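Trainee: Please take me through one part of this model in detail, namely the way its charged side chains pair with one another. I would like the overall setting before the single pairs.

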Amino acid sequence: MFDFRSMFKLMKEIDWKLIIIVICIFSFGLVILSSATHATTTGNYFQITKQLTAFLLGMGLILLILLFDYNFIGRYYKALYIASIILLLLVWIPGLGKSMGGARSWLHFGPLTFQTSELVKLTFILSYAKIVEEKKGKLKTIKDIIPLALYAAPMILLLLIQPDLGTALVFCCIIAGMLFTAGLNVKIIKRGIIVVVVAMPIMYMAMASHQKERIEAYLHPEDVTLKGNYQVMQSMIAIGSGGVKGKGLYEGTQNQNNFLPVQDSDFIFAVIGEELGLIGMAVIILLYVLFLIRMIAIAKEAKDFYGTLIVVGVSSMFAYQIIQNIGMTVAVIPVTGVTLPFVSYGASSLMTSLANLGLLLNVGMRRKKINF
């Protein structure tokens, strides 16, 4: 049974600055989403209502996660690992799994859909951090890395089979962040980079057709016949036409006339650029910078290395998603289906992002010993 007096004292240690930053990002995103979905024009606020409901449910998840010490959860890392694999396998069950956007990554429950890999990000971070914790300062040779690579391999492989390269890359960033924090030898990092570069042609041949199209589009931006280039071109037009101040909220022609594809999710940053201009983009980027800074602070102040690794894993995930999403809208990075955290439309993505935020707050609020 929980000691509510103890929990109350712990709650006073919550990083409220981080919560306020996330609420600001979400509020900003909800306003932009109302434009991207044309809610004010059509009077259809279904997506807005669904997003707001997901946010409130996500806040409830945070409270639930805060009730349990992250070290207590970490004791069940083996069960979390097995659950992660099962969740990624469930999408292959006929009648339950569903393909969307070229990848079989979703579970279908009547009118509801859920992307299992979103939840697996959380369970994987909790389980992988426990494994890496034991290797702190011992990652000097390739031999030391092999057990950690084999532990993560099933997750990456199952994601690539779906195929969901974007999410697989998110997992790779989570893994890289944790290994680097655990003291991965610099020589191994350099060799790893060389291996990846050399293996790129083989990786390209193994990609699905729609993934190859995105790479081709990135390498040949002038070719308008390539499918991926239409998305990026419309995004660049939208952002470029916004100028410094933007065309005004709900006044973006690329957005309102539906020239901009997937404007409520993958390319929502382009809506910000068109309607709020450079100023609007700078505001959201500044909020994300503050968000990342607070996470780094929590990682440094964690009471143990397991807590630090959890925060690093979550931070790496968010950092990659932010950079990838913004980068693809301005043609700096190839297009992948990675959403902008707390801004893009998507209930499962938003709720799991908030659940991961709960992990951060869990580590932060237990950063020092409290006398009860």
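Mentor: Of the 372 residues of the protein, 50% count as buried, where buried means a relative accessible area under 20%, exposed means over 50%, and partly exposed lies in between, with a 1.4 Å probe and protein chains only. This is a predicted model, in which local features need pLDDT of at least 70 and side-chain atom pairs count only at pLDDT 80 or more, while totals for chains, interfaces and linings use all residues. Residues are numbered from 1 along each chain as its sequence is written, and side-chain values use heavy atoms, with hydrogens and water left out.

The secondary structure comprises 16 helices and three strands, taken as DSSP runs numbered from the N terminus, with at least four residues of H or I for a helix and at least two of E for a strand. The radius of gyration is 21 Å, close to the 21 Å that the globule rule gives for 372 residues, so the protein is as compact as a globular protein of that length; the radius is taken over C-alpha atoms, and the rule is 2.2 Å times the number of residues to the power 0.38. Along the principal axes, the C-alpha atoms fill a box of roughly 55 × 50 × 45 Å. Among contacts between residues at least 6 apart in sequence, 73% join residues at least 24 apart, a contact being heavy atoms within 4.5 Å.

Turning to the charges, the mean positions of the 31 positive and 20 negative ones are 11 Å apart, with Lys and Arg counted as positive, Asp and Glu as negative, and His and the chain ends not counted. Each charge is placed at NZ of Lys, CZ of Arg, CG of Asp or CD of Glu.

A search of the whole structure finds eight salt bridges, each defined as a side-chain nitrogen of Lys or Arg within 4 Å of a carboxyl oxygen of Asp or Glu. One of them joins the side chains of Arg367 and Glu13, with 3.4 Å from N to O. This pair links distant parts of the chain, 354 residues apart, since Arg367 lies in the segment after helix H16 (347-365) and Glu13 in the loop between helix H1 (4-11) and helix H2 (16-36). Glu13 counts as buried at 17% relative accessibility, whereas Arg367 counts as partly exposed at 28%.

Arg367 also forms a salt bridge with Glu301, their closest N and O atoms being 3.5 Å apart. Here Glu301 lies in helix H14 and Arg367 in the segment after H16, so that distant parts of the chain, 66 residues apart, are again linked. Glu301 counts as partly exposed at 43% relative accessibility. Taken together, Glu13, Glu301 and Arg367 are linked in a network of salt bridges.

Another pair is Lys303 with Asp69, whose closest N and O atoms are 3.8 Å apart. Lys303 sits in the loop between helix H14 (268-301) and helix H15 (305-329), and Asp69 in the loop between helix H4 (46-66) and helix H5 (70-74), which places the partners 234 residues apart in distant parts of the chain. Lys303 is partly exposed, with a relative accessible area of 43%, and Asp69 is partly exposed at 24%.
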